[in-house]
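I opened this notebook to record what I looked up in one protein structure. The entries follow the order in which I consulted the coordinates.

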Amino acid sequence: MLKSGKKRVSAKVRKRTTERTTKTIMKNKCLKLLNFLLYTFVLFFLCNIFAFNRIVKEGIPQIFLYLLGALSYIWIHIFPLFFPLRPKTVRLKVCADGCWLLILFLSSTGLSLTFFLLGCLGLLPMGTPLSEPKFWLVNSLLAVLLEALVFWNGMIRVYSSSVQLGIRIRVAGIVCGMIPVAHLIVLGIIIRTAVKEAAFENEKILQNECRCGQQICATKYPVLMVHGVFFRDFHYFNYWGRIPKELEKNGARIFYGNHQSAAAIADSGRELAGRILQIIRETGCEKVNIIAHSKGGLDVRAALQLPGIAEHVASLTTVSTPHRGCEFADYLLTKIPSRQQAGIAKAYNAALRKLGDPDPDFLGAVKDLTASACLEFNQRTPDIPGVLYQSIGTKLNKAAGGRFPLSFTYVLAKHFDGANDGLVGQKSFPWGSDYRFLTVKGTRGISHGDMIDLNRENLPEFDVREFYVQLVADLKKKGF
């Protein structure tokens with residue numbers, strides 16, 4: 001009886017909470033709408049203040065009207081958004097305010113244009129543009145100037161604060177800025193992208209605040225994140241994008257492999273073995289949970305074969321790892337002449353030495369990723385008892401869904417390996433006791449780079465940061 005009573009009380013509490021939440025949402029929507037209508041009308045009024053002055057000149061002193069107009073215009077530029085639940089960070093506030101300024105610009109410009117057309121048709125009480133050209137010229141110039149200031153205020157805010165606009169949209173905005181119709185289309189894309197970003201990022205902040213006390217990613221053992229081939233763990237450009245910070249906000253302890261960008265699997269395995277032992281010595285933790293991307297998964301599997309390493313590893317989660325190699329790599333190595341291969345390798349190795357790699361081996365890394373090499377590797381690298389092995393793979397739905405060079409390699413991988421993430425074929429991903437294959441509807445898909453947040457892009461149907469939060473939270477639930 002008590003249990004059922006508690007359930008009834010809990011249901012009532014949830015119902016009341018839901019009702020209050022719904023009312024709050026509706027209230028804020030109404031406030032937003034009223035705010036939008038009020039600001040639009042005020043800006044429209046200010047842009048055509050000379051014309052409106054003729055209508056109200058008998059009732060309001062001109063100096064008072066102009067003073068009120070100037071103060072209102074300044075207020076709009078400083079506080080373009082006036083309703084509760086403002087964005088949680090300065091960057092998001094700047095982005096959201098910039099979007100509202102651009103929306104106000106569009107709406108008030110539309111009203112001003114309609115106002116001017118009505119004046120041309122003689123439907124306004126202060127005369128037509130044709131009968132008083134000087135008056136309407138001054139009014140129009142003032143409207144253009146004031147609207148332009150609002151537009152550029154909004155654009156500067158959005159361009160300086162938005163991450164999701166990226167280079168392509170920014171360049172399109174600059175190129176199409178003076179092209180009729182096209183500039184409106186691009187402006188709509190800019191506003192939509194920035195609005196979604198501000199809302200999405202703000203929601204993530206609120207989500208993390210709500211579960212802050214739970215520390216859902218505070219695993220028993222720290223997390224070691226291992227990068228893939230041709231990248232390094234740079235301080236100023238994190239290989240894993242925004243993922244590590246999101247994990248740390250939820251209680252995770254994060255470490256990095258810090259191994260070379262390119263080397264044979266055996267060499268990378270020895271480097272990672274040393275890194276694992278270093279973490280154990282410095283932190284006093286008994287083991288680590290490893291999340292490895294791409295070739296990094298093969299490197300860790302090699303490290304686990306070395307004496308004294310497996311006992312310090314609780315779990316290995318491989319993400320987008322070519323456990324069975326890439327058949328198109330076999331094809332390229334047979335088609336590209338050895339002399340050209342050596343030239344490419346020499347240039348790459350020289351560049352990476354300047355960036356800190358002591359002994360990079362471009363060809364050694366590439367050859368170990370072929371299907372034939374991985375077949376041999378798997379035969380001599382059995383799973384270690386006591387270590388949890390699990391794997392994750394994704395699918396890119398079409399070439400255009402991935403950024404270059406994945407848009408190019410996708411075609412090659414599809415020809416040789418079938419469905420793929422832009423580099424690795426679907427059949428190459430599975431390894432261990434638990435395998436998850438991720439895909440989304442539509443033309444975009446999830447690419448090899450998306451799984452490390454390479455482009456810092458918010459995908460509509462896949463939140464990569466939350467995916468890793470839940471991944472690590474699951475490790476915690478399993479006792480790791």
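This is a predicted model: local features need pLDDT of at least 70, side-chain atom pairs count only at pLDDT 80 or more; totals for chains, interfaces and linings use all residues.

**Entry 1: secondary structure and contacts.** I listed the secondary structure of the protein chain as 16 helices and 6 strands. I also looked at contacts between residues at least 6 apart in sequence, and of these 77% join residues at least 24 apart.

**Entry 2: the sheet.** In what order do the strands of the sheet lie? I read the order as β2-β1-β3-β4-β5-β6, in an open sheet of 6 strands with parallel pairing. At the edges I found β2 (254–256) and β6 (434–438), each of which pairs on one side only. Neighbouring strands of this sheet are turned by 20° against each other on average, with direction ignored.

Strand β1 covers residues 223–226 and is joined to β2 by 3 bridges, the two strands running parallel. Within this pair, I located V223 opposite I254 of β2.

**Entry 3: helices across the sheet.** Which strands does helix α10 lie across? I found α10 (residues 295–304) lying across β1, β3 (288–293), β4 (313–319) and β5 (388–394). Its direction is at about 140° to β3. I then turned to helix α16, residues 464–477, which lies across β1, β3, β4, β5 and β6. Helix α16 runs at about 165° to β5.

**Entry 4: the loop between β6 and α16.** I looked up two residues of this loop for their backbone angles. D453 is found in the loop between β6 and α16, and its phi is near 55°, a positive value in a residue other than glycine. R456 lies in the loop between β6 and α16, and R456 has a positive phi of about 55° although it is not a glycine.

Note on methods. Residues are numbered from 1 along each chain as its sequence is written. Side-chain values use heavy atoms; hydrogens and water are left out. Two strands pair if DSSP finds at least two bridges between them. Helices (H or I, at least four residues) and strands (E, at least two) are DSSP runs, numbered from the N terminus. Axes are lines fitted to C-alpha atoms, for helices over the stretch in contact, and angles run from 0 to 180 degrees between N-to-C directions. Contact means heavy atoms within 4.5 Å.
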